[in-house]
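Subject: Handing over the structure

Hello,

Please have a look at it before you read on.

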Number of protein chains: 2
Amino acid sequence: MADRETVVGGAPSSRRRVGQKLRKGDRRRNEILDAAEEQLRDRAALDLTIDGLAEAVGVSRSSLYFYFDSKWDVVDALVERASAEMFEQYLALPATAPLEDFLAGALEATYLGWKRHRVVFLAAAERSSHADEATDRWREIMERFIGFIADRIEVEFALDPTVDPTPLGGARRAVEIGCWMVERSFYMLFSREHDEAEEREMVAALTAAFERLLHPDSVSRRPRPRT
Amino acid sequence: MADRETVVGGAPSSRRRVGQKLRKGDRRRNEILDAAEEQLRDRAALDLTIDGLAEAVGVSRSSLYFYFDSKWDVVDALVERASAEMFEQYLALPATAPLEDFLAGALEATYLGWKRHRVVFLAAAERSSHADEATDRWREIMERFIGFIADRIEVEFALDPTVDPTPLGGARRAVEIGCWMVERSFYMLFSREHDEAEEREMVAALTAAFERLLHPDSVSRRPRPRT
DNA sequence: TCGAAAAGTCAACAGTGTGTCGATTTTTTA
DNA sequence: TAAAAAATCGACACACTGTTGACTTTTCGA
């Protein structure tokens, strides 16, 4: 799954039928992406340099401009690559499973994606805060996931009386809030020192949290006197 | 509340007794901060320049280095200033109010803070993604809010059987998740075009969401067959 | 399989912003 | 009011960016 032969972004000489041998340029493009992901282990995206990437790949700096307009362009492509991979996992979720299994599966897929491409998703958040245009791109990527889950919730809402996202502004809004909750929580977890156990705890907590967002609580909220 | 005479960050000649007349340097420092907040309306923090700030304030570029080590240092101070202001609102929350009012009040305070210092909090998120050290600083600021709410929830948990954060990993973790949910949701709202109505909707949705995180849902979750 | 078109490569240049130094002026304070 | 502290600035060295135009290699169809 790592080095496949399909190309995602708006590469030079991109759209070619799948399975065909890659052009030299396409191979190089992937090398650059790999080098970037590699370097992101050490430094923030802000600290990437065209120079550094060029050197890592073994071409001149100006050659790099042949492939990407800027280092942010590189980061964008990297994010797109990792997100697409994660979304494939979403598509593989069993559509007929009970809602809670569906949610647990989605959370698990998200977690594994983060684990695998930690540095890329950290960079995604970084990138998304730089320019409105970049924020929108990240928002769009998130939309794919939000939409996918929201569709399922809509169905569930119609079928299952114990599911009611109305107070959160509807299924869409509820899932939106939930997804950003997950994104941000993973971001905060993966951007600091932690162990595997904490990761599992976080997945469990987020799964429970997401469920709670969708089900009304057990008590009717009435004002209670203070002690 | 805007131009007070206390100074927050590690300014040159900071700690002076409150109420005293500011030194020239302290005034200038505030000017720089104000200029930065002003300029952030136009551009991302990444696009701030020492040059631009210096010019706006009317000093030479190198003079600016007298006050701040870098433009990120400026941003940090700005974030600290706005966060402190918001936290004061938290402290003013009526401690004896019912939980739901407490939460609604906290959400309202957060919302107003965002509304007032939108560009600063957007910059905070941007800044926090640049360097581990900056991420930690933002995390610490969030901790103040998380800790404040979590303390209240702990109490509530002990008193009120309908409050149970256990499945989310305890009060602390539940509030942590909730706060990041709020932070990210506001970030996403305020970083795009929207109207006042949508802001109110978001506040309502987040308030409802936060409550749901703390109360167990009404159905015991049992596997349901698919149709 | 050959040759033209397409793809890929690079050195050199011009530009923008950074951060530091030491010398100088202004403000503060005792 | 004069010494100390604070504030200011010009000039320098440097790191990274993005562009241009000439050159080399690869690709692909006749």
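First, a term: a residue counts as buried if 20 or more other C-beta atoms lie within 10 Å of its own. Please also keep in mind that this is a predicted model.

Let's begin with helix α4 of chain B, residues 71–91. Which of its residues are buried? They are B:K71, B:W72, B:V74, B:V75, B:D76, B:A77, B:L78, B:V79, B:A82, B:S83 and B:M86. Their cover includes α1, α2, α5, α6 and α7 of chain B. As for length, the 21 residues of α4(B) should span 30 Å at 1.5 Å a residue, and this agrees with its end C-alpha atoms, which are 30 Å apart.

On the α4(A) side, A:A82, A:E85, A:M86, A:Q89 and A:Y90 meet A:A106, A:A109, A:T110 and A:G113 of α5(A). By class, this contact has five nonpolar, three polar and one charged residues.

The other pair is α1 (residues 24–39) and α2 (residues 50–57), packed at an angle of about 115 degrees with their axes 9 Å apart. The crossing of α1(A) and α2(A) is right-handed. Here A:R28, A:E31, A:I32, A:A35, A:A36 and A:Q39 of α1(A) meet A:G52, A:L53, A:A56 and A:V57 of α2(A). That contact has six nonpolar, two polar and two charged residues.

Best wishes

Definitions and conventions
Residues are numbered from 1 along each chain as its sequence is written. Chains are lettered from A and ligands numbered from 1 in the order in which they are written. This is a predicted model: local features need pLDDT of at least 70, side-chain atom pairs count only at pLDDT 80 or more; totals for chains, interfaces and linings use all residues. Axes are lines fitted to C-alpha atoms, for helices over the stretch in contact, and angles run from 0 to 180 degrees between N-to-C directions. Helices (H or I, at least four residues) and strands (E, at least two) are DSSP runs, numbered from the N terminus. A crossing is left-handed if the near helix is turned anticlockwise from the far one by less than a right angle, and right-handed if clockwise. Two residues are in contact if their C-beta atoms, placed from the backbone, lie within 7 Å. Ala, Val, Leu, Ile, Met, Phe, Trp, Tyr, Cys and Pro count as nonpolar, Asp, Glu, Lys and Arg as charged, and the others, Gly among them, as polar. The expected span of a helix is 1.5 Å times one less than its number of residues. A residue is buried if 20 or more other C-beta atoms lie within 10 Å of its own, exposed if 12 or fewer, and partly exposed in between; C-beta atoms are placed from the backbone.
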